[in-house]
Amino acid sequence: MRTTTLGGSAVGVTQLALGCAAIGNLYQPVTDEAALATVDAAWNAGIRTFDTAPHYGLGLSERRLGAALRDRPRDTYTVSTKVGRLLVPDPEGGCGDDFANGFAVSATHRRVWDFSADGVLRSLEASLDRLGLDRIDVALLHDPDDHAEQALREAYPALERLRTEGVVGAIGVGMNQSALPARFLRETDIDVVLLAGRYTLLEQGGLAELLPEAAARGRSVVVGGVFNSGLLTDPRPGATYDYAPAPRAVLDRALRLLKVAERHRVPLRAAALRFPFGHSAVASVLTGARSADEVRDTVEQLRRPIPDALWGELRAEGLLAEGVPVPVVPAEKEPS
């Protein structure tokens with residue numbers, strides 16, 4: 001699987017990265033065995049980039065990912081985790097659950113927002129302990145939407161120092177919006193933006209500012225949420241968009257995309273996976289999975305050839321604007 005380095009760093013990422021929120025029991029429980037099989041399937045498919053966060057299952061995702069990677073040669077894979085939410089033990093001792101935050105785990109800890117320099121250090125130290133690894137390859141500021149000034153003033157300089165000291169290899173920001181990450185690109189020296197849901201076949205808001213800014217500065221974008229919370233895997237009434245039922249207008253647009261894909265005998269999820277690679281700033285696409293079968297299906301869809309005529313019809317139907325770049329390279333083939 002193709003590997004690209006992030007921005008000006010030496011950190012490599014594979015074309016497809018595994019997002020590990022699901023193995024932290026996102027929405028529903030996943031067994032330890034299924035989590036291990038998911039990571040193993042990704043490895044066997046050539047995926048060498050894994051993204052996690054303390055937020056995912058109150059540390060469960062990090063613990064499971066670390067366990068799955070523990071016997072792999074450390075220099076052969078890239079691990080990304082995030083800072084901004086500290087996990088603080090709950091005095092109630094986990095009497096409740098964490099479903100309000102989307103995870104099927106006991107509420108043993110509380111999340112506390114902290115974008116201070118000390119918070120960054122404490123967060124990474126705790127992540128290393130949960131992962132059982134000797135280093136983090138990529139450290140991302142996680143959702144600093146309501147903490148922008150502190151993140152810029154305190155957390156970012158702390159990450160920059162850690163990068164200079166070689167403690168982390170690359171630094172950046174991960175968000176579900178494009179305006180604030182574009183500001184980070186202009187005002188800091190981050191290597192990468194993890195942009196979730198804002199540069200997809202359904203919507204291209206990231207193209208207005210963030211992606212051109214990244215390309216102009218030689219920085220990288222990792223695109224997450226390419227299925228827009230599942231809508232582009234199965235567009236139908238009740239399907240989710242941004243973690244809620246899709247509004248009628250959004251669903252109608254997704255159904256129009258589906259009809260075009262079907263006319264070209266291409267699964268919509270395959271087109272959605274390939275689409276972001278049309279932009280030169282995109283280094284990797286990050287997708288989640290909760291089972292080995294889901295991983296194998298994603299890899300199969302990524303390798304499926306997409307005819308140029310499909311992109312042309314999307315433009316003709318007004319579903320892609322003329323200025324939106326589309327992939328021109330062939331889909332990756334199975335090794336012979």
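1. A salt bridge is taken here as a side-chain nitrogen of Lys or Arg within 4 Å of a carboxyl oxygen of Asp or Glu. Glutamate 313 forms such a bridge with arginine 263, with 2.6 Å between the closest N and O atoms. This pair joins distant parts of the chain, since glutamate 313 belongs to helix α10 and arginine 263 to helix α7, 50 residues apart. Helices (H or I, at least four residues) and strands (E, at least two) are DSSP runs, numbered from the N terminus.

2. The model is predicted: local features need pLDDT of at least 70 and side-chain atom pairs count only at pLDDT 80 or more, while totals for chains, interfaces and linings use all residues. Residues are numbered from 1 along each chain as its sequence is written, and side-chain values use heavy atoms, with hydrogens and water left out.

3. Under the stated criterion the count of salt bridges comes to 29. Glutamate 209 and arginine 186 meet through their side chains at 2.4 Å, N to O. Here too the pair links distant parts of the chain: glutamate 209 sits in the loop between β10 and α6 (210-217), and arginine 186 in helix α5 (residues 179-187), 23 residues apart. Burial is assigned by relative accessible area (buried under 20%, exposed over 50%, partly exposed in between; 1.4 Å probe, protein chains only). Glutamate 209 counts as partly exposed because its relative accessibility is 34%, and arginine 186 is partly exposed at 36%.

4. A network of salt bridges links Arg74, Asp75, Asp134, Arg135 and Asp137. Within it, the side chains of arginine 135 and aspartate 137 meet at 3.5 Å, N to O. Which of these two partners is buried and which is partly exposed? Aspartate 137 is buried, because its relative accessible area is 8%, whereas arginine 135, at 27%, counts as partly exposed.

5. Helix α7 (residues 248-263) contains 16 residues and reaches 23 Å from its first C-alpha to its last, close to the 22 Å expected at 1.5 Å a residue; the expected span is 1.5 Å times one less than the number of residues. Val250, Leu251, Ala254, Leu257, Leu258, Val260 and Ala261 are its buried residues. An α-helix has 3.6 residues a turn, so residues three or four places apart point the same way. The cover over the buried residues of α7 includes β12 (240-241), α8 and α10 (308-316). Just after α7, arginine 265 takes a positive phi of about 55°.

6. Grid points are joined across faces, edges and corners, and a volume is the space filled by probe spheres set on the points.

7. The largest pocket has a volume of about 1400 Å³. It is lined by 48 residues, of which Leu26, Gly225, Ser229, Tyr243 and Gly288 are the closest to its centre. Helix α9 gives the most to this lining, with 4 residues. By class the lining holds 17 nonpolar, 20 polar and 11 charged residues, where Ala, Val, Leu, Ile, Met, Phe, Trp, Tyr, Cys and Pro count as nonpolar, Asp, Glu, Lys and Arg as charged, and the others, Gly among them, as polar.

8. Across the whole structure, 2 cavities of 30 Å³ or more are found.

9. Alanine 289 lies in the loop between β14 and α9 and counts as buried because its relative accessibility is 2%. Its C-alpha atom is 7.0 Å from that of threonine 38, 251 residues apart along the chain. With contact meaning heavy atoms within 4.5 Å, and residues up to four places away in sequence not counted, alanine 289 touches Leu18, Gly19, Ala22, Ile23, Thr38, Glu294 and Val295.

Key. On a 1 Å grid over the protein atoms alone, a cavity is a set of points where a 1.4 Å probe fits but cannot get out, and a pocket is an open set with protein on both sides within 12 Å along at least five of seven lines; lining residues have an atom within 4 Å of a point.
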